[in-house]
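Open the model in your viewer and keep a selection panel at hand. The stops below say what to select and what is there.

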There are 2 protein chains.
Amino acid sequence: MPDILHRVGINTTPGKVFDALSTIDGLSRWWISDTAGDAKQGGIILFGFSDMKVVESKPNKLVKWKCVRGPKEWLDTEIIFQLIPKDDQTFVLFTHANWKEPVEFMHHCSTKWATFLLSMKDWLERAEGRPAPYDVKIHVGD
Amino acid sequence: MPDILHRVGINTTPGKVFDALSTIDGLSRWWISDTAGDAKQGGIILFGFSDMKVVESKPNKLVKWKCVRGPKEWLDTEIIFQLIPKDDQTFVLFTHANWKEPVEFMHHCSTKWATFLLSMKDWLERAEGRPAPYDVKIHVGD
């Protein structure tokens, strides 16, 4: 099954990256402004267009979500953020796994995820995140 | 075998997108400033860190390259740009196919390709491409 893969390196600690991934406030700074719910392990995060169950949350190491509501192509897919500290940065190894088919929407989501991961980088490095609806537009009407 | 997938929609004609993909000048505006070689079907494009053979070049429809020199993970991979006009934009459906393993470098390249496709979009829409070495940096030391 095809996966979406990405990696960014952020000039901060694994702790700060983990905060951006495991708190409602952190998530609202780089992905979806209007995020709600419970970002702790076992909780459900409400992103508006989709709800994610927090399957795993290992402080400063890993966050894994499962999509429990959202676009039909996303249902039961998993989103994994793995944190790898190295010298003066923390790498975020990202995988959006278990897509059933490499549909055109998957191409779109892959590019979109890149812009959001760079939004997380910009948020943590210089307080300039671009969460939706202020996100980078990648096509006319996006 | 895992693929890198992306999609952007560019507010211009398939002809302009095809020019950006099938001429040395066009490619130098959004991917690698110092591009040389022959971008016609059967030719080899010299991108400095990698050489690509133009396997297929269908005006305003499709460009397909095969990597004949470059990072070892790229050798024999294929890069495909499919152009799909729709209303007031041209969608570019991108695939970097035939990676042997989903290595960490593949995660990196996936994010990097997103920034370059957005560089092509910005070049064609408002003459603001960011080809290497002026490319968007996605980690410390990139």
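The tour goes from the sheets to the helices on them and then to a pocket.

This is a predicted model, in which local features need pLDDT of at least 70, side-chain atom pairs count only at pLDDT 80 or more, and totals for chains, interfaces and linings use all residues. Residues are numbered from 1 along each chain as its sequence is written, chains are lettered from A and ligands numbered from 1 in the order in which they are written, and side-chain values use heavy atoms, with hydrogens and water left out.

**Sheet of chain A.** Select the strands of chain A: seven of them form an open antiparallel sheet in the order 1-7-6-5-4-3-2. Strands, like helices, are DSSP runs numbered from the N terminus (E, at least two residues, for strands; H or I, at least four, for helices), and two strands pair if DSSP finds at least two bridges between them. Strand 1 (4-10) and strand 2 (36-37) of chain A are at the edges with a single partner strand each, so one side of each has no neighbour in the sheet. Next, select residues 62-69 and 78-86 of chain A, which are strands 5 and 6, paired antiparallel over five bridges. Within this pair, Trp65(A) is opposite Ile79(A).

Select residues 14-22 of chain A. This is helix 1, which packs on the sheet and touches strands 1, 4, 5, 6 and 7 of chain A; contact means heavy atoms within 4.5 Å. Its direction makes about 165° with that of strand 6 of chain A; axes are lines fitted to C-alpha atoms, for helices over the stretch in contact, and angles run from 0 to 180 degrees between N-to-C directions. Helix 3 of chain A touches strands 1, 6 and 7 of chain A, at about 15° to strand 1. Just after helix 3 of chain A, Ala127(A) has a positive phi of about 55°.

**Sheet of chain B.** Move to chain B, where seven strands form an open antiparallel sheet in the order 1-7-6-5-4-3-2. In strand 6 of chain B, Gln82(B) is the bridge partner of Leu62(B). Helix 3 of chain A also packs on this sheet, touching strands 1, 6 and 7 of chain B, with its direction at about 85° to that of strand 1 of chain B.

**Largest pocket.** Finally, select Leu118(A), Val136(A), Leu118(B), Arg130(B) and Val136(B), which lie nearest the centre of the largest pocket among its 20 lining residues. The lining has four nonpolar, four polar and 12 charged residues. Helix 3 of chain B supplies the largest share, seven residues.

How values were computed. 1 Å grid on protein atoms, 1.4 Å probe; cavity = no way out; pocket = protein on both sides within 12 Å on 5 of 7 lines; lining within 4 Å. Nonpolar A, V, L, I, M, F, W, Y, C, P; charged D, E, K, R; others polar.
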